[in-house]
Amino acid sequence: MPEAAETVLRLDGISKSFPGVRALSDVTFSLARGEIRALVGENGAGKSTLMKILSGAYVADAGRIEVFSEALTRPSPAAMIARGVAVIYQELAQAPHLTVAENIFLGRLPRKGLRIDWPAARARTAEVMQRLGFDIDPAARLQDLSVARRQMVEIAKALVRDARIIVLDEPSAVLAQAEIDQLFALVKRLARENGVAFVYISHRLGEVFALADTVTVLRDGKAVFDGKASDLNTQILIRHMVGRDMGDVYPKRRTKPGTVVLETKGLSDRTFLREASITLRKGEIVGLFGLAGAGRTELLRTLFGAEHPSAGMIEVAGAPASLRKPRDGIANGLGLLPEDRKTQGLFLIQSVGFNILSASLSRVSDHGIISARRERETVRAQIDRLSVKTPSAGAAVQNLSGGNQQKCVFARLVAADCQILLADEPTRGVDVGAKREIYDLLVELAASRELAVLMASSELPEVLGICDRLYVMREGRVVKELDARATSEEEVMTYAALH
């Protein structure tokens, strides 16, 4: 960030309340030309609310907004876009059936008279892609691109609209490390050479120190730190976020693995899996690690019955199991915590209680009639046990923070009494405090209930920190089994990336 750079954005004394919740309280936030500022905080700290006020989606109850020294009252999304503000959300708002050029110029396609000038749209798209160093065909349909390339399209779209302030909301959540490195290089270049100011929101604290010049920490709707990233380390940053020392991020545990509860032999499908063989025992937490496209998710979905194997065998508790659909997985005591909780794991418009009980209604029913008393008791027991922060069991799950939404998925599986938990990216998109709570929960479930956990994660420190053993996958194959406590990141990555 240049010394004494001009201030391009200033939010002064911003407050915002919703029924029963004070989301922001007297928050001040500023951004300079060419600055990369990280905005961090636990789920529910107010980050999303602050950024929606910046984008014009929400109107602040109190406070002042200045963009390039212009004071704005009740700004709309169109007004903020016109002033050079672009917010790129984690869940990209795009039209996947349209081309790259159509997405970039959506709502403002160039015209020649009354007709749309398609050659001009494609030429201008190619020009900005070349300037950014992206090898993306303007005529390609968005649905055919990887998530990383779709994010690049959003950045190109912002720059075509002359955005000078860009908010990136959890952009790395679904990217491989090489793609993250490419994204960081681009952000730094745009900040340095073009003076674009960035707000970077992430739960991955290592990224904060790798990318950001400055950091703002929100806690309970208040700004509790505002300063240089170089003045912080991980422990100090966590202390600001959660208001206490966390100690070790990963809980200590003693493992006494029991009998084999799940085993695969030569498991294959017609697309990703290639003769994958693994073993899982009671009381264990076993990790699956691999680079993007390694086949971790496909293996978990096949074990649950959501995908069909073409060869190989699955044994549950020592007996061959035919898992052709999710109902078969549930009947055999398996539970899947999916990679994308919002599209695959939750009924977003339904209540917390509905989501928790949706897989175990028979346990609170007599002859097909639900017992209201047992329903309330079961839901309350799960909310209390997993410390789900919700106004009530009747609150819509879509209004909870990411960490508490994830706990609701866990609660459903616990309520259904699953014996084998297949957890796909169990801490994706949740803050450091919620991560520790999820780690504690996994350890408790594995220890006290002798439940076996098979966990896929793209975060290598997480796999090494919580797992007993791990399987390294590459190109659909299990290439190595390692003791998680006796290996290193370098060794794991060697097997994951070796060709």
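Axes here are lines fitted to C-alpha atoms, for helices over the stretch in contact, and angles run from 0 to 180 degrees between N-to-C directions. Helices (H or I, at least four residues) and strands (E, at least two) are DSSP runs, numbered from the N terminus. With that in hand, H5 and helix H6 (residues 177-194) pack at an angle of about 10 degrees, their axes 11 Å apart. That makes H5 roughly parallel to H6 (angles under 35 degrees count as roughly parallel, over 145 as roughly antiparallel, 65 to 115 as roughly perpendicular and the rest as oblique).

A word on what you're looking at: this is a predicted model, where local features need pLDDT of at least 70, side-chain atom pairs count only at pLDDT 80 or more, and totals for chains, interfaces and linings use all residues. Residues are numbered from 1 along each chain as its sequence is written, and side-chain values use heavy atoms, with hydrogens and water left out.

As for confidence, pLDDT is the predictor's confidence in each residue, from 0 to 100. The protein has a mean pLDDT of 87, and 96% of its residues reach 70 or more. Confidence is lowest in helix H5 (residues 147-160), with a mean of 82, and highest in strand S3 (residues 36-40), at 95.

**Two helix pairs**

Back to H5 and H6: their crossing is right-handed (left-handed if the near helix is turned anticlockwise from the far one by less than a right angle, right-handed if clockwise). On the H5 side, Ala148, Met152, Ile155 and Leu159 meet Glu179, Gln182, Leu183, Leu186 and Leu190 in H6; contact means heavy atoms within 4.5 Å. By class, that contact has seven nonpolar, one polar and one charged residues (Ala, Val, Leu, Ile, Met, Phe, Trp, Tyr, Cys and Pro count as nonpolar, Asp, Glu, Lys and Arg as charged, and the others, Gly among them, as polar).

Further along, the axes of helix H14 (residues 402-415) and helix H15 (residues 432-448) come within 10 Å and cross at roughly 10 degrees. That makes H14 roughly parallel to H15. H14 passes H15 in a left-handed crossing. Gly403, Gln406, Lys407, Phe410 and Val414 in H14 meet a set in H15 that includes Ala434, Glu437 and Ile438. The contact of H14 with H15 has seven nonpolar, two polar and two charged residues by class.

| Helix pair | Angle | Axes |
|---|---|---|
| H5 and H6 | about 10 degrees | 11 Å apart |
| H14 and H15 | roughly 10 degrees | within 10 Å |

**Two sheets**

Six strands form an open, mixed sheet in the order S6-S9-S10-S3-S11-S12, where two strands pair if DSSP finds at least two bridges between them. Its edges are strand S6 (85-88) and strand S12 (222-228), each pairing on one side only. The twist averages 15 degrees from one strand to the next. S6 and strand S9 (residues 165-169) run parallel over four bridges, and Val85 has Ile165 in S9 as its bridge partner. Helix H1 (residues 47-55) packs on this sheet, and its direction makes about 135 degrees with that of S3.

The other open sheet has four strands in the order S2-S1-S4-S5, with antiparallel pairing. Strand S2 (21-32) and strand S5 (70-72) stand at the edges with a single partner strand each, so one side of each is left without a neighbour in the sheet. Neighbouring strands are turned by 20 degrees against each other on average, direction ignored. Strand S1 (residues 7-18) and S2 pair in the antiparallel sense over eight bridges, and Lys16 has Leu24 in S2 as its bridge partner. H1 packs on this sheet as well, touching S1, S2 and strand S4 (62-67).
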